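This report describes selected local features of one protein model. Please consult the sequence and the structure below while reading.

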Amino acid sequence: MTIGEIIRNRREELSASRKDICQGICTESMLYKVEGGTKSFKPETLALILERLGMHNVFDGELITTNDYRYVQTIRQVNVLRISGDTDKAAELLSTIEEYYEEFSVSTKQRFDMCETLLTEKTVGMSREQKLDSFEQIIRYTIKDFSPMKLPLYFTHVERLVINVIANCYYFIGDFETAIHIHSHIKKCLEDVMLDKTAAARSLLLTCNNLAEVLVACGEYKEALKTAREGLEWAKYMNVINETASSCMYNVAVCLLKIGNKEDYEEAKQMAYDAYNTSRVFNVRSEFTKLYKEFLNENFN
């Protein structure tokens, strides 16, 4: 079976139009020709099309070009430095690839702009509205008619990352309805589209946690509890404990206390301790560990 036939069969399985799959990546006529076997995609274009179809993760794949892989790895290193607080070194490292910007694939441009915006926010300061505007511009590289309340059904990995930040921006400016809508939409897409369950689980853990946080802020504790538990199930499926799993534990503890059933007190206490203890080991941001410790002291000591 040719790659064109694989794409066509998967697209038809999803009942997706060519427009759904190729917007911002290639023309519909190009996709038609590839499916018919008369044309071939460049490696980075093929990677993006397969991601939209839930079939490929560009970070782990063999389809990304050598240069683009080097740029992506640099951006990932910048993000690690930024999160750990070494913003000067992060900015210096990011500047080493800035001159190659026009060589980037469209998804790497999105990664670069996302990294640059987050770094600028941390070093210079941006309002939440400015950050939201910046990220909505970034997503329009590939989803030109982007609207937070009318999202497409199919995303690349990087599009999901950008849209996740957009949802968090709406959360932080107090638009909970839009944030819940976006996170819920991404969650459904991951559950319905991605073929690789492990790849889906990585994103679902983060999405469940983010959705649970917004639901907690809205006082929707039962729904938040259900969602945070789902996140922990995905963590268990992958056999991982990380900072996102710690956050899910914390959200479970918060919800159980807020719901107020006496029989849930011991579970809430255990979840709070687990959140704190795992955070001490796995969180790179000390503010979360501090938050979990304060929560323990206020509610269980």
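Where does Ser 15 lie? Ser 15 is in the loop that runs between α1 (3-13) and α2 (18-22). The model is a predicted one, in which local features need pLDDT of at least 70, side-chain atom pairs count only at pLDDT 80 or more, and totals for chains, interfaces and linings use all residues. Residues are numbered from 1 along each chain as its sequence is written, and side-chain values use heavy atoms, with hydrogens and water left out.

**Two loop residues with positive phi**

Ser 15 has a phi near 55°, a positive value in a residue other than glycine. Asn 239 also has a positive phi, near 60°, and is likewise a residue other than glycine. Asn 239 belongs to the loop between α12 and α13 (243-259). Helices here are DSSP runs (H or I, at least four residues), numbered from the N terminus. Ser 15 counts as exposed at 63% relative accessibility, and Asn 239 is exposed with a relative accessible area of 71%. In these terms, buried means under 20% relative accessible area, exposed over 50%, and partly exposed in between, for a 1.4 Å probe and protein chains only.

**Aromatic pairs**

The structure holds 12 aromatic pairs. Rings of Phe, Tyr and Trp (its six-membered ring) pair if their centres lie within 6.5 Å; planes under 30 degrees apart count as stacked, over 60 as edge-to-face and the rest as tilted. Two of the pairs are set out here.

| Pair | Centre to centre | Angle between planes | Class |
|---|---|---|---|
| Tyr 71 and Phe 104 | 4.8 Å | 55° | tilted |
| Tyr 265 and Phe 300 | 5.4 Å | 55° | tilted |

Tyr 265 is partly exposed, with a relative accessible area of 34%, whereas Phe 300 is buried at 8%.

**Two buried helix residues**

Ser 107 is part of helix α7. Why does Ser 107 count as buried? Ser 107 counts as buried because its relative accessible area is 5%. Leaving aside its neighbours within four places in sequence, Ser 107 is in contact (heavy atoms within 4.5 Å) with Leu 48 and Val 158.

Ala 235, in helix α12 (residues 221-238), is buried with a relative accessible area of 3%. Its C-alpha atom is separated by 7.4 Å from that of Ala 201, 34 residues apart along the chain. With neighbours within four places in sequence set aside, Ala 235 is in contact with Leu 205, Val 240 and Ala 245.

**Cavities and a pocket**

Rolling a probe the size of a water molecule over the atoms shows where empty space is left. On a 1 Å grid over the protein atoms alone, a cavity is a set of points where a 1.4 Å probe fits but cannot get out, and a pocket is an open set with protein on both sides within 12 Å along at least five of seven lines; lining residues have an atom within 4 Å of a point. Grid points are joined across faces, edges and corners, and a volume is the space filled by probe spheres set on the points.

A search of the whole structure finds two cavities of 30 Å³ or more. The largest cavity has a volume of about 60 Å³, and its lining includes Glu 51, Arg 52, Cys 189 and Leu 190. The elements giving two or more residues to this lining are α4 (43-52) and α10 (176-193). The largest share, three residues, comes from α10. By class, the lining of the largest cavity has seven nonpolar, one polar and three charged residues. Ala, Val, Leu, Ile, Met, Phe, Trp, Tyr, Cys and Pro count as nonpolar, Asp, Glu, Lys and Arg as charged, and the others, Gly among them, as polar.

The second largest pocket holds about 250 Å³ of space. Among its lining residues are Lys 19, Asp 20, Phe 146 and Pro 152. Its lining has six nonpolar, two polar and four charged residues.
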